[in-house]
Amino acid sequence: MSYAANLAMTLPEVVLALGAIALMLVAAWGGPSSTKAISWAAVAVLAGAGIALIGPASHGGDAFGGLYRADAFAAFAKVLIYIAAAVGVVMAPDFFRRTSGDDLRPEYPVLILLSACGMGMMVSAADMLTLYVGLELQSLAAYVLASFMRRDGRSAEAGLKYFVLGALASGILLYGISLVYGFSGTTLFSGIADAYAGPRSLGLMFGLVFVFAGLAFKISAVPFHMWTPDVYEGAPTPVTAFFASAPKVAAMAMAVRVAVEAMGPATDQWRQIVIFAALASIILGAVAAIGQGNIKRLLAYSSINNVGFALVGLAAGTPEGVSSVLFYLTVYIVMTLGSFLVVLQMRDETGEPVETIASMAGLSRTRPLLALAMAIFMFSLAGIPPLLGFNAKLAVFSAAVDAGLFPLAVAGFVASVIGAYYYLRVIKVMYFDEPAPAYGGEAGAIEGGLIAAAAVVISPVGWLLLAPLGALTLTAAQSLF
């Protein structure tokens, strides 16, 4: 295959890398005054990367000697990543303009682009080294984003915690990769699958455990979730919204590809790890969120809880199970981005962010439309029909039942009832408690439009998307098998 054909398959990452470099140069010369133009240019670059997914090259198979794979699965995950990244860029300017004079700097959208480039490599990796390079590119940008508000102690603390624990997770993952390489003789997923299909040594099994432990940190699955609440609370809210959506999709898609393509013959072995992580994440995410008074920490535990539900679909190990994971991730990022867009509107009269759940008391009387949108997102996250959150949970449970994992589906369903409590508590505070001091300001046109769009997609109107979305996710899932 020619070098040009290889580059054509990796065109989305090429667009993002060149766009990030060009905008970095503009930022160096333009300074803070160029931030707005660079932000919209970054959104255009993300759109360009999405357009680059159109055409046969984006489904062309292996590139660069099997290091990179362009298929329907990667294309679907990248679309979700680019959408979430674009929303993360768009929602930042108003937030930074209002908070303590810590104006948004032009490096922010550039870091988002570099992170998106790394995430694209993660979901297209067909080799352990490509996977690791993409993961580190995404992580290094994320560490800086978490501590972006340099004068805010919480933001600096969030970045430091994320960096230290992320380095630990990278070490665990690298150790697992080295074991797999040592006992299989290759880092290519196809070669690793051949090694697991034959007689398996103890070293290969240890490698599997360490690889999945490293991946569990990146998706914030229990017991490697400890960084999530602190980082989500300390990071600037637009960064938290970004962390809760795009990297979550990328890490989950990466885990699915490793499980199915590299370690598919060892499904019975990794399924045990996935089932434990799924149930532990669902239960801990639900129970730990009950006592939270900070809305961002509550949404952090909600993300842990939702990762558990997505892992139920992965545990099935079938095309239908992978399809349910993609469907769940699609609905999840809409619900999560919508929730964080509402959180962005929580500010006092001076424009400073207010993050306590108690401050939402009586929101239905002071900001009825904002309360309605938040109620839709909370009901959907709880899995209440007829909102799309119910369909997402139904999809992963159905896949588990079809794969013979009936006890797992039942346990997940029962545990989801616990999680419904803290979502409904937020709704109770908004609609039945005595009003707290009203929030200052109104949502901007862009933020208000995004909140309304997310609420409409999650509402029963979103059922119109079920058939085409189901077909797309199944096609993407089948490309792995």
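Modeller: Let us start with a term: a cavity is a set of grid points where a 1.4 Å probe fits but cannot get out. Please keep in mind that this is a predicted model. With that idea in hand, the structure holds four cavities of 30 Å³ or more, and the largest cavity has a volume of about 110 Å³.

Biologist: Which residues line the largest cavity?

Modeller: The lining is made by Met122, Gln138, Tyr162, Phe217, Lys218, Trp227, Tyr232, Phe243, Pro247, Lys248 and Ala251. Helix H10 (202-218) and helix H13 (246-262) are the elements that give two or more residues to this lining, and the largest share, three residues, comes from H13. Sorted by class, the lining of the largest cavity has eight nonpolar, one polar and two charged residues.

Biologist: How should I read a pocket, and how much space lies in the largest pocket?

Modeller: A pocket, unlike a cavity, is an open set of points with protein on both sides. In this model the largest pocket holds about 400 Å³ of space, and of the 18 residues that line the largest pocket, Lys36, Pro93, Asp94, Arg97 and Leu104 are the closest to its centre. Two or more residues of that lining come from each of helix H3 (35-51), helix H4 (72-90), helix H5 (92-98) and helix H21 (445-458), and H3 gives the most, with five residues.

Biologist: By class, what residues does the lining of the largest pocket have, and how do the residues lining the second largest pocket divide?

Modeller: The lining of the largest pocket has ten nonpolar, three polar and five charged residues. For the second largest pocket, where about 350 Å³ of space lies, the lining divides into 14 nonpolar, one polar and no charged residues. That pocket is lined by 15 residues, and Ile83, Ile333, Val334, Leu337 and Val457 lie nearest its centre. The elements that give two or more residues to the lining of the second largest pocket are H4, helix H16 (319-344) and H21.

Biologist: Turning to helices, what span does helix H8 reach from its first C-alpha to its last?

Modeller: One can compare the span of a helix with the value expected at 1.5 Å a residue. Helix H8 (residues 153-184) has 32 residues and reaches 46 Å, close to the 46 Å expected. Just after H8 comes Gly185, which takes a positive phi of about 80 degrees.

Biologist: Which residue has a positive phi although it is not a glycine?

Modeller: That residue is Phe64, with a positive phi of about 50 degrees, and Phe64 lies in the loop between strand S1 (61-63) and strand S2 (68-70).

Biologist: At what angle do the axes of helix H15 and helix H20 cross?

Modeller: The axes of H15 (residues 295-316) and H20 (residues 406-432) come within 11 Å and cross at roughly 160 degrees. Because angles over 145 degrees count as roughly antiparallel, H15 is roughly antiparallel to H20. The crossing of these two helices, H15 and H20, is left-handed.

Key
Residues numbered from 1 in each chain as written. Predicted model: local features only at pLDDT ≥ 70, side-chain atom pairs only at ≥ 80, totals over all residues. Heavy atoms only, no water. 1 Å grid on protein atoms, 1.4 Å probe; cavity = no way out; pocket = protein on both sides within 12 Å on 5 of 7 lines; lining within 4 Å. Points joined across faces, edges and corners; volume = space filled by probe spheres on them. Helix = DSSP H or I, 4+ residues; strand = E, 2+ residues; numbered from the N terminus. Nonpolar A, V, L, I, M, F, W, Y, C, P; charged D, E, K, R; others polar. Expected span 1.5 Å × (residues − 1). Axes fitted to C-alpha atoms, helices over the stretch in contact; angles between N-to-C directions. Parallel < 35°, antiparallel > 145°, perpendicular 65-115°, else oblique. Left-handed = near helix turned anticlockwise from the far one by under 90°.
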